Structure formats: C-alpha cells, structure tokens
Amino acid sequence: MIERSLINDILNGIVVYETLRVYNGRPFALDEHFKRFSKSLSYVGEKVSYKEFLDEIERHLDFDRIKIYGIVNNGVKLYSIGENIEKSSTFSVRVDISDIRHADPFSIPPSFKALGRADLFLARKNKGENYDVILLNEKGFVCEGSFSNVFFIKNNVIYTPSLETGVLDGITRKNVIEMLKNMGYKVEEKMVELKELFYADEIFLTHTSRGIVSVEFLGKYRLETRISKLLSKKFEEFVNEKISGSF
C-alpha cells in the first residue's frame, strides 16, 4: 500500500522513472540506467546517489523486470517494484502509425523520462489491439513507438531514426546498434520518412522488457520477420555475454 504522503507527492510533483531487465539475478546496463535516471532528475534540480539507486534495485533481483521511480516534490523519494515477464519464444507483432504527433523536443527534452507524457500516453491508450504504435515527430518524420525504438531493414542495411528526430536515446537501442555493428551490419541513424517503413524488408522494435521484437504487420501490410527473429535470439546471447561476471 502506498502511503498517503507519497500519493500527495505524486499528485503535486512529477515522477521520473527507469525500467531495468534482470537476467539470472543480474541487472542489465545498470550504470547506463543510473546515468539516464540522474539526467532526468537533473531537469528538476534533484539527484540521488548511486548507492541509493542500487539499494532499490537490489531489493528486486528475484524478478525479471524492475521499475524504479523518483517522485519529485520538495525533494525526491525513491520507490520501486519488481515484476515477472511472461516467458515466450521469439514472437512477432502488429503495429500501426499513431494519429498522435510526438512532442517537440524543444518543449520536452527527449532525455527527460517522466510519467504522464501526454503524447505517449494518448498514443498508447489509442493503440487498440496493436502491440505498439509509431509516432511521427512535429515535422512528419518517423520518431519512435509509445514505449519502443524503431528499426527497419532494407537491402541488408539497418536504419533507425536519429536522435535529432527527438527519440529517446534508448539503452536497448544503443546496445542493439553495438551488437549489429559487431555482427558486420551497416547501421544508419537518419531522418526517416514514413514511406520508408512501408517499403522496408523488415521492421523491428527495441525496448527494455523484450529486447528485439519482430514486426509482422504494419497496419494491414505483412512483413518478413526472418532476420529480425534471428537478431532477437542473438541479442539474448549478447546480453548474457555482457552481464557475465558483472555486478
């Protein structure tokens, strides 16, 4: 049960957050998540120590996923929960293009990761039966999903919207790019036009909870998933190699 004072802080303040994956009792990309959490807090003039952050994480290492919140209202209070994720083999999903436009990055910094973002909330609430929806930015370029980053494959080159588009600098996104380059793929970060998604050979999403997720349908259009499903399995191996011996 959340105490009344905490509810008051949530209602009268703002909540920044991070979501971490845990593999065999070890959190993935812990330092990167702490840095991004600290960056979010810096926008509202607050900070927490690495030890405070780590103490919250260590309470939930028996779970698959940890959500940590910084509740800001006359100071910052940490709150965290652990959750398990339904285990499944590599799967593919349906996505579509959202009618909601992504917030202008000059209005809301993309690196400010806070609950209650109206654009992302509205997009997610109106996604229907889609796994996620893809938002365009204020200039009409492909930006990101409501909780994911977007990649597509065309002629064996892998593309993803650049940070200049206004996307969150996703931690899974960065690690996927690192893995792809290690595998010998050419990866281009660029301003992506919407039509490029409809001409793509494959599309996949990345986010903390699931790593790489193959997209089988973009609206009514069916896509190949062979390479992205392979990459999803490779990313699991990549993560396990990275966390071995850490923490």
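D201 is partly exposed, with a relative accessible area of 32%; the class lies between buried (under 20%) and exposed (over 50%), for a 1.4 Å probe and protein chains only. The model is predicted: local features need pLDDT of at least 70 and side-chain atom pairs 80 or more, while totals for chains, interfaces and linings use all residues. Residues are numbered from 1 along each chain as its sequence is written, and side-chain values use heavy atoms, without hydrogens or water.

The side chain of D201 forms a salt bridge with that of K154, at an N to O distance of 3.8 Å. This pair connects distant parts of the chain, 47 residues apart: D201 lies in the loop between α6 (194-198) and β11 (202-207), and K154 in strand β8 (residues 149-154). K154 is likewise classed as partly exposed, at 29% relative accessibility. Helices (H or I, at least four residues) and strands (E, at least two) are DSSP runs numbered from the N terminus.

## Other salt bridges

A salt bridge requires a side-chain nitrogen of Lys or Arg within 4 Å of a carboxyl oxygen of Asp or Glu. The count under this rule is 14. One of these joins the side chains of K67 and E83, at 3.6 Å from N to O. Here too the partners belong to distant parts of the chain, with K67 in strand β3 (residues 65-72) and E83 in strand β4 (residues 76-83), a separation of 16 residues. K67 counts as partly exposed at 24% relative accessibility, and E83 counts as partly exposed at 21%. R65 joins K67 and E83 in a network of salt bridges.

The side chains of D119 and R117 also meet in a salt bridge, with an N to O distance of 2.7 Å. D119 is buried, its relative accessible area being 9%. R117 is buried as well, with a value of 13%.

## S40, a buried position

S40 belongs to helix α2 (residues 30-42) and is buried, with a relative accessible area of 0%. Its side chain reaches the backbone nitrogen of K113 at 3.0 Å, where a polar contact is a donor–acceptor pair of N or O atoms within 3.5 Å, and residues adjacent in sequence count only if both atoms are side-chain atoms. When residues up to four places away in sequence are not counted, S40 touches V16, S111, F112 and K113; contact means heavy atoms within 4.5 Å.

N156 occupies the loop between β8 and β9 (157-161) and counts as exposed, at 55% relative accessibility. Leaving aside residues up to four places away in sequence, N156 touches Y185 and I227. The C-alpha atoms of N156 and N74 are separated by 51 Å, and the two residues are 82 residues apart along the chain.

Y221 lies in strand β13 (residues 221-222). Y221 is partly exposed, with a relative accessible area of 46%.
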